[in-house]
Amino acid sequence: MNNAVELVKVSKSYHGNRHRETLAVDCLNLNIKTGEFFSLLGPSGCGKTTTLRMIAGFESPTSGEIYIHKQAMNHHPPFHRPVNTVFQNYALFPHLTVSENIAFGLEMENLPRPEIRQRISEALELVQLTNLQNRYPRQLSGGQQQRVALARALVKQPKVLLFDEPLGALDLKLRKEMQLELKQMQKRLGITFIYVTHDQEEALTMSDRIGVMNEGKLLQVGTPVEIYEYPKTRFVADFIGESNILTGRVTQHQNYQINLLVDEQLSLSVASQTEVFPGQILTLVIRPEKVGIFSENNGQNNNFQGIIEESIYLGTDTRYRVKLTPNTSIIIRQQNLQRDRTQQYAVGETVNLFISAENISLLVE
Ligand code: ATP
């Protein structure tokens, strides 16, 4: 598949006060495929907006090259790039109606009137705002304003659409609705979407692939399943979902099966594709929902006893903290499949835990 956007060793530093430099983006290599929904995900200040702004042309890289559909873009101003950006604050003109806001960019291009009219009506239909076309932005809800901003970007028929936290100002319910709408629209139109967010759930729900950033660096790129189920670094494991991160010493290894000792006490079997040596210290990640919790020991490997230290009822599931050794507790989430609360475990109760070897990730750091 062709690459829609390619970043080759792209860095950006800003000069701050007293000649201090901030390295906002640090040697980023990234290929975004044509027609994919790609999210840049990371905490505040990790450099995702700067990356997006460099693709849009609002910032120039300090070093490195940016290509859009194989064309070098470094010296192209924003309006000469085949991209459009949808911002979080919508940036609508308050004195223009919905239609006029959408028409604005096309009028700047001096397109013939009938074509402008045709394209506006298509865009309005696409975002389901045909009946509100004569309203002003102040007469619209947040979600509707967001749709106008989207229509204004779509009407220009860009090959690549860039989104900077576009749903940040919406309440949770509307946000979830818009996530699905955006995803469906992207699939229908086949436009490449590059979407900046700090919300891991949003990235997991919407994206074909996600690039996780921290401190200017791209730490891992993969599908939502790859990122969630096979995190490669402690940061990714911690930032996306909840994780139990343990360290263990290798006691045995054979045929990609490793035995580890955690806290010199808990023996764990883990599957591994890489060579390890006895005595090596490894970091492992266990997702809370991958641990089974039972009243009785079922006699398999990776079976431990623990004591419930905390139990929090969360509706769909219950989150337990279970003490395994004097130094190690782990978090477990168990789905509440029954209404019956006697199925739950109480604080102080001794329970048996089971973790399948395939459900434990080893970190490469
Ligand atoms: P957020 O989610 O808060 O928008 P972000 O991940 O998008 O964060 P950036 O806005 O790209 O992060 O910022 C990355 C780093 O670069 C931060 O340390 C920020 O303070 C710095 N930075 C961004 N823009 C400028 C600027 N114009 N001048 C100086 N420093 C900047």
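Predicted model: local features only at pLDDT ≥ 70, side-chain atom pairs only at ≥ 80, totals over all residues.
Which residues of α2 are buried? They are Val98, Ser99, Asn101, Ile102, Ala103 and Leu106.

**Helix α2 and its neighbours**

Helix α2 covers residues 98-108, and helix α3 covers residues 113-126. Their axes come within 10 Å and cross at roughly 130°. That angle makes α2 oblique to α3, because angles over 145 degrees would count as roughly antiparallel and 65 to 115 as roughly perpendicular. The crossing of α2 past α3 is right-handed.

The contact can be named residue by residue. From α2 come Ser99, Ile102, Ala103, Leu106 and Glu107. From α3 come Ile116, Arg119, Ile120, Ala123 and Leu124. Sorted by class, this contact holds seven nonpolar residues, one polar residue and two charged residues.

Ser99, Ile102, Ala103 and Leu106 are among the contact residues of α2, and these four are also among its buried residues. The cover over the buried residues of α2 includes α3. It also includes α4, residues 142-154. After α2 comes Asn110, with a positive phi near 55°.

Cys27 has a phi near 50°, a positive value in a residue other than glycine. His69 is not a glycine either, yet its phi is positive, about 45°.

| Residue | Location | Phi |
|---|---|---|
| His69 | loop between β4 (63-68) and β5 (71-72) | about 45° |
| Asn110 | follows α2 | near 55° |

His69 sits in a loop, between β4 and β5.

**Glu202**

Where is Glu202 found? It is in helix α6, residues 200-206. Glu202 is buried, because 21 other C-beta atoms lie within 10 Å, and 20 or more is the cut-off. Leaving aside residues up to four places away in sequence, Glu202 touches Gln179 and Thr197. Arg175 is 27 residues from Glu202 along the chain. The C-alpha atoms of Glu202 and Arg175 are separated by 9.0 Å.

**The whole chain**

The protein chain has eight helices and 20 strands. Its C-alpha trace spans about 75 × 50 × 45 Å along the principal axes. Of its 365 residues, 33% are buried. Consider the contacts with a separation of 6 or more: 64% of them join residues 24 or more positions apart.

**Two domains**

The domain assignment gives domain 1 as 3-239 and domain 2 as 244-362. Their centres, taken over C-alpha atoms, are separated by 39 Å. How many residues does each domain bring to the contact? Domain 1 gives four residues, and domain 2 gives four residues. On the side of domain 1 that touches domain 2, three residues are nonpolar, none is polar and one is charged.

Notes:
Residues numbered from 1 in each chain as written. Axes fitted to C-alpha atoms, helices over the stretch in contact; angles between N-to-C directions. Helix = DSSP H or I, 4+ residues; strand = E, 2+ residues; numbered from the N terminus. Parallel < 35°, antiparallel > 145°, perpendicular 65-115°, else oblique. Left-handed = near helix turned anticlockwise from the far one by under 90°. Contact = placed C-beta atoms within 7 Å. Nonpolar A, V, L, I, M, F, W, Y, C, P; charged D, E, K, R; others polar. Domains from an automatic or database assignment. Buried ≥ 20, exposed ≤ 12 C-beta atoms within 10 Å, placed from the backbone.
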